[in-house]
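Please walk me through this protein.

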Amino acid sequence: NLVPEKDNTFIITDYSSIELSTLAQVLYSKYGENEMQKRINAGEDLHTYYASVLYKVPVEEVTKGQRQSAKAANFGFPGGLGIHTFIEFAEGYGLQLTDGDAQEMKDAWFEAFPLMKKYLQGEEGSVETLTGRKRASTTYCQEKNTPFQGLAADGAKLDLYELIKKGFKVVGFVHDEIISEVPEENMIDMLDIQEEIMINSMKQVVPDVSISVESTISKEYCK
């Protein structure tokens, strides 16, 4: 476990489904308004929304287990996973799927987010992010993942730069959360500043999709 120095504490701020937000921005930049962007901007939870389409129930009736199942699709299909690779991927979310189950999930996913069918068509062998970074000799999945994963990474780099410039002691960046060590006496004010910096930095590369974060204050960090 990571622990702070005496009289300090950690602020752990997590981006909420950042790669779905950056994917929605990529779709908007390529094709215009889209279902993913519209629902994120309305404050909706995309896992719950997709689960409602998959299980054919109203959003308010989606169970915790159904939402968990939906995460596998929302995190697996954007990068172009085929049915068999998706079945393996979904095991990490506690799902044991047949080919038919996986195909049903994929069909429902395209129903929920129709523009993704267009996004996943074709293969150029290279790709460029909205921020102008180029990646050559890509596989199909690399080509589909890079635009939105790269955008999230670029926003995070801006974020780290701004935090450090403001005097934050950043001690970790894990997945989509940033851990900084601050004096306990200033922790509430610094939490607000950290959240503001993280949102505003990401908005520089994701201007058309809502960005949200959640923070916790803790005397230790473990993952």
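Which residue in strand 6 does Ile11 stand opposite? Ile11 stands opposite Ile217. Before going further, note that this is a predicted model: local features need pLDDT of at least 70, side-chain atom pairs count only at pLDDT 80 or more, and totals for chains, interfaces and linings use all residues. Residues are numbered from 1 along each chain as its sequence is written, and side-chain values use heavy atoms, with hydrogens and water left out.

Start with the sheet. Strands of a sheet pair through backbone hydrogen bonds, either parallel or antiparallel. Here, four strands form an open sheet in the order 4-5-1-6, with antiparallel pairing. Strand 4 (169-174) and strand 6 (213-218) stand at the edges. Each has a single partner strand, so one side of each is left without a neighbour in the sheet. From one strand to the next, the twist averages 20 degrees. Strand 1 (residues 8-15) pairs with strand 6 in the antiparallel sense, over six bridges. Two strands count as paired if DSSP finds at least two bridges between them. The strands themselves are DSSP runs (E, at least two residues), and so are helices (H or I, at least four residues); both are numbered from the N terminus.

Helix 9 (residues 187-203) lies across strand 1, strand 5 (177-183) and strand 6. Helix 9 runs at about 30 degrees to strand 1. For such angles, axes are lines fitted to C-alpha atoms, for helices over the stretch in contact, and the angles run from 0 to 180 degrees between N-to-C directions.

Now turn to the nonpolar side chains. In soluble globular proteins, nonpolar side chains tend to be buried together. A nonpolar core is a set of buried Ala, Val, Leu, Ile, Met, Phe, Trp, Tyr and Cys residues joined through side-chain atoms within 4.5 Å. The largest such core has 56 residues. Met36, Tyr50, Phe86, Met105, Trp109, Phe113 and Met116 touch the most other members. Take Met105. Leaving aside neighbours within four places in sequence, its contacts (heavy atoms within 4.5 Å) include Tyr50, Leu54, Phe77 and Phe86.

Leu54 lies in helix 3 (residues 46-55). Is Leu54 buried or exposed? Leu54 is buried, with a relative accessible area of 8%. Buried means under 20% relative accessible area, exposed over 50%, and partly exposed in between (1.4 Å probe, protein chains only). Beyond its neighbours within four places in sequence, Leu54 is in contact with Glu104, Met105 and Ala108. The C-alpha atoms of Leu54 and Trp109 are separated by 7.4 Å, with the two residues 55 apart along the chain.

Finish with charge. Side chains of opposite charge can pair when their charged atoms come close. In a salt bridge, a side-chain nitrogen of Lys or Arg is within 4 Å of a carboxyl oxygen of Asp or Glu. The whole structure has 13 salt bridges. Lys6 and Asp7 form one of them, at 3.7 Å. Lys6 is exposed at 71%, and Asp7 is partly exposed at 49%. Lys144 and Glu143 meet at 3.9 Å. Here Lys144 is buried at 5%, and Glu143 is buried at 6%. Glu162 and Lys165 form another salt bridge, at 3.5 Å. These two are three residues apart in helix 8 (residues 140-165), so about one helical turn separates them. Finally, Glu35, Lys38, Arg39 and Glu44 are linked in a network of salt bridges.
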